[in-house]
Amino acid sequence: MKNEKNVEFKPIKLSAEQSKQVTQVDDILTAENSVGNQKIVLVNMITETINSKKVKMEYTEINKKTGIEKVISFDSLNQITNKDVKGLADTYKKWLGVDNLKSWASTTDNGKERMRILKESLWVAIVTAKTNVITKNKKGEQFTGNKNSEIFVEGDFAKNYSDNNKGLDIVSMKFSQLKKATQNYIKSSDTKINSSETSVRDNSFQSLMKKSALAIDNAKQEIVLGKNNPNDLNAVKSVFIKAQQYIEEHNRVQQTLKNKRVA
């Protein structure tokens with residue numbers, strides 16, 4: 001029998017910058033309110049990290065037919081696709097030091113949702129990093145609005161790619177506005193980086209359902225520890241009843257449509 005050495009796997013110690021960004025994703029995942037505020041902060045964090053060159057934004061593409069590898073670099077991209085964003089998101093995930101964590105694994109609901117959050121922010125940051133449109137006001141402030149819900153961007157960018165055409169040197173945008181503006185930017189053919197594809201839209205209903213499922217899953221742990229609220233069960237029961245009604249209605253409508261097609 002061979003002697004086997006015990007290998008100790010030590011957790012990777014994240015830098016303060018990495019920890020902040022990982023926490024920011026977690027906060028967006030679990031937040032019930034002010035999600036836009038937190039998303040705008042994450043976009044700014046990713047933008048600054050990309051421009052600081054702290055992470056080598058590139059990924060390796062393998063031709064399935066030939067097996068030839070090709071390195072795709074963010075700096076050299078002027079046309080970008082969802083495949084590029086996925087590859088760059090995986091690279092960024094490794095830089096964050098979370099690529100081997102179960103909570104970020106693509107086989108878990110939490111992991112899928114975290115990567116969706118990262119890719120959504122990355123689609124925006126790709127433009128803000130390429131264009132350097134995020135700026136500060138005369139006071140040196142980067143954020144404004146209630147709970148820092150808006151970020152300052154250059155007026156020309158806002159004028160050309162958003163509904164804000166006031167002609168000001170600096171304007172402030174919420175996350176939804178900045179996301180829309182960056183999507184308009186990449187749709188243009190004469191920009192530094194463009195694409196015929198855009199970030200998959202976040203369906204608010206689906207997002208809410210995912211959060212409800214995650215909340216219930218997390219609450220199960222509280223039952224074992226005896227920390228659950230007595231009213232939790234009634235809340236889950238009401239969600240369960242509504243879910244059943246939704247499924248029944250969905251199946252009924254689908255069957256009606258199917259019958260019409262057959263007829």
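Mentor: Start with an open sheet of 3 strands, in the order 3-4-5, with antiparallel pairing. Strands (E, at least two residues) and helices (H or I, at least four) are DSSP runs, numbered from the N terminus. Two strands pair if DSSP finds at least two bridges between them.

Trainee: Which strands stand at the edges?

Mentor: Strand 3 (143-144) and strand 5 (170-174) do. Each has a single partner strand, so one side of each is left without a neighbour in the sheet. Strand 4 (residues 150-154) pairs with strand 5 in the antiparallel sense over 5 bridges. There, Phe 152 stands opposite Ser 172 of strand 5.

Trainee: What packs on the sheet?

Mentor: Helix 6 (residues 175-187) does, touching strand 4 and strand 5. Contact means heavy atoms within 4.5 Å. The direction of helix 6 makes about 105° with that of strand 5. Axes are lines fitted to C-alpha atoms, for helices over the stretch in contact, and angles run from 0 to 180 degrees between N-to-C directions.

Trainee: Before we go on, how far does the model reach?

Mentor: It is predicted: local features need pLDDT of at least 70, side-chain atom pairs count only at pLDDT 80 or more, and totals for chains, interfaces and linings use all residues. Residues are numbered from 1 along each chain as its sequence is written, and side-chain values use heavy atoms, leaving out hydrogens and water.

Trainee: How many salt bridges does a search of the whole structure find?

Mentor: It finds 11. A salt bridge is a side-chain nitrogen of Lys or Arg within 4 Å of a carboxyl oxygen of Asp or Glu. Lys 53 and Asp 75 form one, with the closest N and O atoms 3.2 Å apart. Lys 53 lies in the loop between helix 2 (35-51) and strand 1, and Asp 75 in the loop between strand 2 and helix 3 (82-96), so the pair ties together parts that are 22 residues apart in sequence.

Trainee: Is Lys 53 buried or exposed?

Mentor: Buried means under 20% relative accessible area, exposed over 50%, partly exposed in between (1.4 Å probe, protein chains only). At 53%, Lys 53 counts as exposed. Asp 75, at 51%, is exposed too.

Trainee: Which residue does Lys 179 meet in a salt bridge?

Mentor: Glu 120, at 2.9 Å, N to O. Lys 179 is in helix 6 and Glu 120 in helix 4, 59 residues apart. Both are buried. Glu 120 also meets Arg 116, at 3.7 Å. Lys 39, Glu 113, Arg 116, Glu 120 and Lys 179 are linked in a network of salt bridges.
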